[in-house]
Amino acid sequence: MNHRTDADKLMAALAARMENPAIALDDKGCCLVSLNDNVFAFSFDEERQCLFIQAHAGSLREADNPAAVLEAILEANHLWSGTAGGVLGLDEQSGELGLAYRLDFPLPGDEFPEALLCELLPHLAGVAEWCRDLTAFYA
């Protein structure tokens with residue numbers, strides 16, 4: 001079963017909440033959304049039937065104490081305790097930190113949670129901002 005229409009419904013609810021009708025997945029299943037100094041990249045994966053959400057979360061190369069930054073990230077990643085259900089990771093070539101969230105379809109429950117992205121994005125934005133502040137603190 002293809003759940004692209006479910007992903008489109010979630011994006012439409014987000015567009016309505018943010019009063020921005022341009023928020024929609026394109027024909028390749030991608031969309032960029034700006035929120036609180038964050039740019040979120042959405043991409044629907046047809047094969048896996050999931051929606052990936054990614055955001056930039058700082059640069060490890062800017063930190064004078066990268067070990068302290070990585071330790072804090074590992075603590076936040078442990079059981080997703082500080083990541084709002086996402087995962088913080090490192091691009092080894094660029095040294096850039098990223099936040100990734102995977103939303104699998106079908107969604108659990110009897111009722112379709114149209115407000116899911118509206119409720120989730122502010123939390124993910126907070127995680128990305130925390131991580132950028134962390135790298136700045138150790139710069």
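Tutor: A polar contact is a pair of N or O atoms within 3.5 Å, of which, within protein, one must be able to donate a hydrogen and the other to accept it. The structure discussed here is a predicted model.

Student: Which side chain is joined to that of Asn 38 by a polar contact?

Tutor: Asn 38 has its place in strand S2. Leaving aside neighbours within four places in sequence, its contacts are Val 33, Ala 125, Ala 128, Glu 129 and Arg 132. A polar contact of 2.9 Å links the side chain of Asn 38 to that of Glu 129.

Student: Does Asn 38 count as buried or exposed?

Tutor: The relative accessibility of Asn 38 is 1%. Buried means under 20% relative accessible area. Asn 38 therefore counts as buried.

Student: Which elements make up the protein chain, and in what order do they run from the N terminus?

Tutor: The chain has three helices and five strands. Read from the N terminus on, these elements follow the order α-β-β-β-α-β-β-α.

Student: What radius of gyration does the protein chain have?

Tutor: For 139 residues the globule rule gives 14 Å, and the value for this chain is close to that, so the chain is as compact as a globular protein of that length. Its C-alpha trace spans about 45 × 30 × 25 Å along the principal axes. The radius of gyration of the chain is 16 Å.

Student: What percentage of contacts between residues at least 6 apart in sequence join residues at least 24 apart?

Tutor: Of the 139 residues, 41% count as buried. Among contacts between residues at least 6 apart in sequence, the share that joins residues at least 24 apart is 61%.

Student: How do H1 and H3 pack, at what angle, and is H1 roughly parallel or roughly perpendicular to H3?

Tutor: The axes of H1 and helix H3 (residues 116-137) are 8 Å apart, and the angle is about 70 degrees. Angles of 65 to 115 degrees count as roughly perpendicular. H1 is therefore, relative to H3, roughly perpendicular.

Student: Which residues of H3 make the contact with H1?

Tutor: H1 contributes Leu 10, Met 11, Ala 13, Leu 14 and Arg 17. By class, the contact of H1 with H3 has eight nonpolar, no polar and one charged residues. On the side of H3, the residues are Leu 116, Leu 117, Cys 118 and Leu 121.

Student: Which backbone oxygen lies 2.8 Å from a polar atom of the side chain of Arg 4?

Tutor: Arg 4 belongs to helix H1 (residues 4-17) and is buried, with a relative accessible area of 15%. Its side chain reaches the backbone oxygen of Leu 25 at 3.4 Å. At 2.8 Å from a polar atom of the Arg 4 side chain lies the backbone oxygen of Asp 26.

Student: What is phi of Asp 37?

Tutor: Most residues other than glycine have a negative phi. Asp 37 is placed in the loop between strand S1 (30-35) and strand S2 (38-45), and this residue is exposed, with a relative accessible area of 77%. Although it is not a glycine, Asp 37 has a positive phi of about 65 degrees.

Student: Which residue does a cis peptide bond join to Phe 105?

Tutor: Most peptide bonds are trans. Here omega is about 5 degrees, and the bond is cis. The cis bond joins Phe 105 to Pro 106.

Conventions
Residues numbered from 1 in each chain as written. Predicted model: local features only at pLDDT ≥ 70, side-chain atom pairs only at ≥ 80, totals over all residues. Heavy atoms only, no water. Helix = DSSP H or I, 4+ residues; strand = E, 2+ residues; numbered from the N terminus. Buried < 20%, exposed > 50% of the residue type's maximum accessible area, 1.4 Å probe, protein only. Axes fitted to C-alpha atoms, helices over the stretch in contact; angles between N-to-C directions. Parallel < 35°, antiparallel > 145°, perpendicular 65-115°, else oblique. Contact = heavy atoms within 4.5 Å. Nonpolar A, V, L, I, M, F, W, Y, C, P; charged D, E, K, R; others polar. Rg over C-alpha atoms; globule rule 2.2 N^0.38 Å.
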